[in-house]
Amino acid sequence: MSDSPVSDSPAIRLSGAGVRLGEVDALHDVTLALDSRTIAVVGENGSGKSTFARLVAGLVTATAGETRILGLDPVRQAADLRRRVAVVFSNPDAQIVMPTVAEDVAFSLRSERLGREETARRVEDALKRFGLSALRDRSSHELSGGQKQLLALAGAFVRRPELVVADEPTTLLDARNSRLVASHLLEDAGHRLVLVTHDLALAARCETAVLFSGGRVEAVGRPQDVIAEYEAALAC
Ligand SMILES: Nc1ncnc2c1ncn2[C@@H]1O[C@H](COP(=O)(O)OP(=O)(O)OP(=O)(O)O)[C@@H](O)[C@H]1O
Ligand SMILES: [Mg+2]
């Protein structure tokens, strides 16, 4: 990231940003400048977290205000942003496209123009990292929910993205795999992370947290403070 030409601007910069989905203002007047490596996004169901994650990943377009992600305009520089960002959602079925586990991971590299050997090496590394080596030739659609989520993560990481946007990535995982995934997401200094989660202990491990409520930013700052504010609101 230090070699980025835009390293002097925060990685996520929104100014009065809004997203209208049908009749709903899913996000409204969001102004944020976030440059921490790991950012937790918390809030109640329907508060706008996934919409924010999709906005950051360039999957929805702001209908108001200004958005810059990694210094890029998500509309004018959409291809650049897609190349530098990887997304992981809570529903892994939507992310699996190829018949076998190894083919599905390799599919994530299709636009990288790597040679056969380099592709194979990167795929094997990613499978090993997420404990999927023994399942490499299995049908990807016949994996368990948790195994599918690990496959989705392998597909995201194999591209070596600059920013990982993960929307409830541990929801389907057992305790052991939750820990494995959390450590890959949080402790690998090679990427930035935006992590949407209802797991407040996991959120507390990020450097910064953002609390959404009714499509607006309710609080932003140190996770302990933001979580305390969230819990105080829940107690009302
Ligand atoms: N495709 C859509 N069309 C219309 N409204 C939508 C659409 N997607 C989401 N919304 C609405 O936008 C608001 C924010 O939804 P969002 O999915 O961002 O919430 P969330 O905080 O991720 O919730 P959860 O914790 O349940 O995943 C909600 O009111 C939701 O009903
Ligand atoms: Mg959501």
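**Entry 1**

The model I am reading is a predicted one. Within this pair I located Gly 18, which stands opposite Ala 64 in strand 4.

Three strands form an open sheet in the order 2-1-4, with antiparallel pairing. Strand 2 (24–34) and strand 4 (64–69) are the edge strands; each has a single partner strand, so one side of each is left without a neighbour in the sheet. From one strand to the next, the twist averages 25 degrees.

I noted a general point here: strands of a sheet pair through backbone hydrogen bonds, either parallel or antiparallel.

**Entry 1: Thr 63**

Next I turned to Thr 63, which is found in the loop between helix 1 and strand 4. Is Thr 63 buried or partly exposed? I counted it as partly exposed, because 13 other C-beta atoms lie within 10 Å, whereas a buried residue needs 20 or more.

Leaving aside neighbours within four places in sequence, I listed the contacts of Thr 63 as Gly 18, Val 19 and Arg 20. I also checked Thr 63 against Leu 27: the two are 36 residues apart in sequence and 9.5 Å apart in space, C-alpha to C-alpha.

I moved to another sheet, an open one in which six strands take the order 5-6-7-3-8-9 with mixed pairing. Which strands stand at its edges? They are strand 5 (85–88) and strand 9; each has a single partner strand, so one side of each is left without a neighbour in the sheet. Neighbouring strands are turned by 15 degrees against each other on average, direction ignored.

I followed the pairings of strand 3, residues 38–43. Strand 3 runs parallel to strand 8 (residues 208–213), and five bridges join them. Val 42 has Leu 211 in strand 8 as its bridge partner. Strand 3 also pairs with strand 7 (residues 192–196), in the parallel sense and over four bridges. In that pair, the bridge partner of Ile 39 is Val 194 in strand 7.

I then recorded the helices that lie on these strands. Helix 8 (residues 223–235) packs on the sheet and touches strand 3, strand 8 and strand 9; its direction makes about 20 degrees with that of strand 8. Helix 1 lies across strand 3, strand 6 (163–167), strand 7 and strand 8, and runs at about 155 degrees to strand 7.

**Entry 2: the hairpin of strands 8 and 9**

I looked up the pairing of strand 8 with strand 9 (residues 216–221), which is antiparallel over five bridges. Ala 209 stands opposite Gly 221 in strand 9. The hairpin has two residues between the strands, and Gly 214 takes a positive phi near 55 degrees there.

In general, most residues other than glycine have a negative phi. Leu 70 is placed in the loop between strand 4 and helix 2 (78–84), and it counts as buried because it has 23 C-beta neighbours inside 10 Å.

Arg 160 is also not a glycine and has a positive phi of about 55 degrees. I found Arg 160 in the loop between helix 5 and strand 6. With 14 other C-beta atoms within 10 Å, Arg 160 is partly exposed.

**Entry 3: the nonpolar core**

I found that the largest nonpolar core has 65 residues, and that Val 41, Ala 154, Val 165 and Leu 195 have the most contacts inside it. Helix 5 (residues 145–157) gives the largest share of this core, seven residues.

Finally, I listed the residues around ligand 1: Leu 21, Gly 22, Val 24, Ala 26, Gly 43, Asn 45, Gly 46, Ser 47, Gly 48, Lys 49, Ser 50 and Thr 51. Strand 2 and helix 1 (49–56) are the elements that give two or more residues to this shell. Which element gives the largest share of the shell around ligand 1? It is helix 1, with three residues. By class, I recorded three nonpolar, eight polar and one charged residues in the shell.

Terms used:
Residues are numbered from 1 along each chain as its sequence is written. Chains are lettered from A and ligands numbered from 1 in the order in which they are written. This is a predicted model: local features need pLDDT of at least 70, side-chain atom pairs count only at pLDDT 80 or more; totals for chains, interfaces and linings use all residues. Two strands pair if DSSP finds at least two bridges between them. Axes are lines fitted to C-alpha atoms, for helices over the stretch in contact, and angles run from 0 to 180 degrees between N-to-C directions. A residue is near a molecule or strand if its C-beta atom, placed from the backbone, lies within 6 Å of it. Ala, Val, Leu, Ile, Met, Phe, Trp, Tyr, Cys and Pro count as nonpolar, Asp, Glu, Lys and Arg as charged, and the others, Gly among them, as polar. A nonpolar core is a set of buried Ala, Val, Leu, Ile, Met, Phe, Trp, Tyr and Cys residues joined through C-beta atoms within 7 Å. A residue is buried if 20 or more other C-beta atoms lie within 10 Å of its own, exposed if 12 or fewer, and partly exposed in between; C-beta atoms are placed from the backbone. Two residues are in contact if their C-beta atoms, placed from the backbone, lie within 7 Å.
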